[in-house]
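Hello,

Here is the structure I promised to pass on to you. Please open it next to this message and have a look around before you read further.

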Amino acid sequence: MKYYTSSNPSLSVVATSSYNDYDTATGAGRILLTKDIEICTQSQTDMTVANMFLNASKYAFGTNGFPQSNIYGNRILQSVVHNFQVPFFEAATMVVNGNWTNGYNFFGDFNNEFFFLDYYSFLVDPVIKNNTDDLVKTLKDGIKPYIDGSTYEKLLQQTKLSSGITDLGYYAVPTTEVYTTGSINKTFMAVSILEMAVCLIIGIIVVFFFNRNINIIYSTIPYCLTILLGASLVAVAILLWNLRNLNTHICTSKIWMASLGYNILIGFIIIKISLIYFKFKEMVKSKNEKISPIPFGRIVLWFIPFLIIDVVLLIIYSTSGNPGKIDSLGLDGIGRYEYTQNCVNNLTGDIILYIILVFHGLQLLYGCVIAWKSRIIDLEEFIETHDFATAIYLITFCSFIIIILMVGVTSTSNRNTIISACAIFSSFSCILIIFGSKFWKIYKPVEDDGLPQIKLKPQKSYSGSGSGNSSGSKSKKTSAHSSTSGVKSGTSAPTQTSQSAMASINIQNFVNPIEASSRAAAQNDN
């Protein structure tokens, strides 16, 4: 009988990333088959690689704990069987005897009979059988005759394969990047670039053309440029948010840009509204008619605590949150071996991001309160507070939209789309509202207070007219006579003027009840 043998045996190895992944095992098996290898063994929990060799009329070992020859016959040259009765019996005995210890571990080997060899295939040479049995006997005696005389512990510490083993490398299933949101991302990138360009153009116009206009003077040029800077940082964040090729720096920078941008935009707006409101209240209380712009340095001084809080949170996020880029396989319903690039962070990073969101939420909450209170301000020099209030309400509305939409959306790409759309809309709209209003007032200055112009006829004085009735045919003469007699009278004219003024005030309160109630509220607060 001719036994299976080889005059010059060699050992080759392919590494995989899993013990039970069918696709990686299949790929590794194909590599081995291309090398004209006759026998295979494996550390997989199934027989995927062995089946590939058996189907190619080759041979295999059973090394996953089951006597595989019972299924595949004598083409399984040998199997190492795992006898789980040994650890189960030992653990049960400890429980019965009352000496069970938590954290019990069991290490199987040939000596405690956890491992034992199945019967050999008839294809194995008897000489090889005898050598193998002798090796198992030495293992039971505690000797560890590994390659090069190494011990088991040293083998675990090795970073390279022992001599005589051919390394065929590491196999992983090839993956393909999926980029289905390209058109959407390019649109957001284009709009963000447009927003930055508009901010730059507005800044140039403010500095070089309208720097002497009262609408700009009372806002101050540094303040206008700072608001534009905040909106530009948000636009930069959205630009980074929609890039295709990501890395750790991009993932970190987009959070910094978004948080700092909204902090500057919201912070400077609510601080300016607050200072104007307090100044207006003081003017009403002291009846001081002197109006002067809010110094920019005072606004910056109030903003510094906001900036410190935001920067500290962002530093903690960058250092402890571990932000970075990952290739997410099978995310959002794509194929198992298709991936998308996404930015991720750890649990600490998630907590810090929630704290940053709460911080900006509290800013918006205070902004809504102070914006509502500032509705009583009717001075033309500080009329920009109404534009600021509109901007705050807009950002708050967009924030509520984001919260509602994000709750029901599980797709990462859709969430990025929602964030980008709301951020672009809110920041861009704020700039257009604030500076569009200023430019419109420069183009078409306001000449009155916006109230209806109601002209009252002067009350006639009938003293000296000779009759209480006047006919229509004598209208011109009677009017002239009445006017003349009103001038000649020493007390009639002032009384008539006073009554007309009071009537005008009453009419104005009637035609604009909101303004009247606002003025009354301001006086009551005093």
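This is a predicted model: local features need pLDDT of at least 70, side-chain atom pairs count only at pLDDT 80 or more; totals for chains, interfaces and linings use all residues.

**The chain as a whole**

The protein chain has 17 helices together with 9 strands. Of its 526 residues, 35% are buried. If you take the contacts between residues at least 6 apart in sequence, 66% of them join residues at least 24 apart. The chain exposes about 31300 Å², and 61% of that comes from carbon and sulfur atoms.

Leaving aside neighbours within four places in sequence, Phe435 is in contact with Ile202, Val206, Cys224, Ile227 and Leu228.

**The salt bridges**

How many salt bridges does the structure hold? There are 3. As background, side chains of opposite charge can pair when their charged atoms come close.

One of the salt bridges joins the side chains of Lys58 and Glu38, at 3.5 Å from N to O. This pair links distant parts of the chain, 20 residues apart: Lys58 sits in the loop between helix 2 (48-55) and strand 3 (59-65), while Glu38 sits in the loop between helix 1 and strand 2 (39-40). Are the two partners buried or exposed? Lys58 has a relative accessible area of 13%, so this residue is buried. Glu38, at 34%, counts as partly exposed.

Glu177 and Arg244 also meet through their side chains in a salt bridge, again with a value of 3.5 Å from N to O. Because Glu177 belongs to strand 7 (residues 176-177) and Arg244 to the loop between helix 9 (221-241) and helix 10 (248-286), the pair ties together parts that are 67 residues apart in sequence. Glu177 counts as partly exposed at 22% relative accessibility, and Arg244 is partly exposed at 39%.

Asp327 and Lys325 form a salt bridge as well, with their closest N and O atoms 3.2 Å apart. Asp327 is partly exposed, with a relative accessible area of 35%; Lys325 is also partly exposed, at 35%.

**A serine in a loop**

Finally, please look at Ser18, in the loop between strand 1 (11-15) and helix 1 (22-34). Why does Ser18 count as buried? Its relative accessibility is 18%, and buried means under 20%. A polar atom of the Ser18 side chain lies 3.2 Å from the backbone nitrogen of Asp21. Not counting residues up to four places away in sequence, Ser18 touches Thr24 and Gln44.

I hope this helps you find your way around. Do write back with any questions.

Best wishes

Terms used
Residues are numbered from 1 along each chain as its sequence is written. Side-chain values use heavy atoms; hydrogens and water are left out. Helices (H or I, at least four residues) and strands (E, at least two) are DSSP runs, numbered from the N terminus. Buried means under 20% relative accessible area, exposed over 50%, partly exposed in between (1.4 Å probe, protein chains only). A polar contact is a pair of N or O atoms within 3.5 Å; within protein, one must be able to donate a hydrogen and the other to accept it, and residues adjacent in sequence count only if both atoms are side-chain atoms. Contact means heavy atoms within 4.5 Å. A salt bridge is a side-chain nitrogen of Lys or Arg within 4 Å of a carboxyl oxygen of Asp or Glu. Accessible areas come from the Shrake-Rupley method with a 1.4 Å probe; for residues, only the protein chains shown count as cover.
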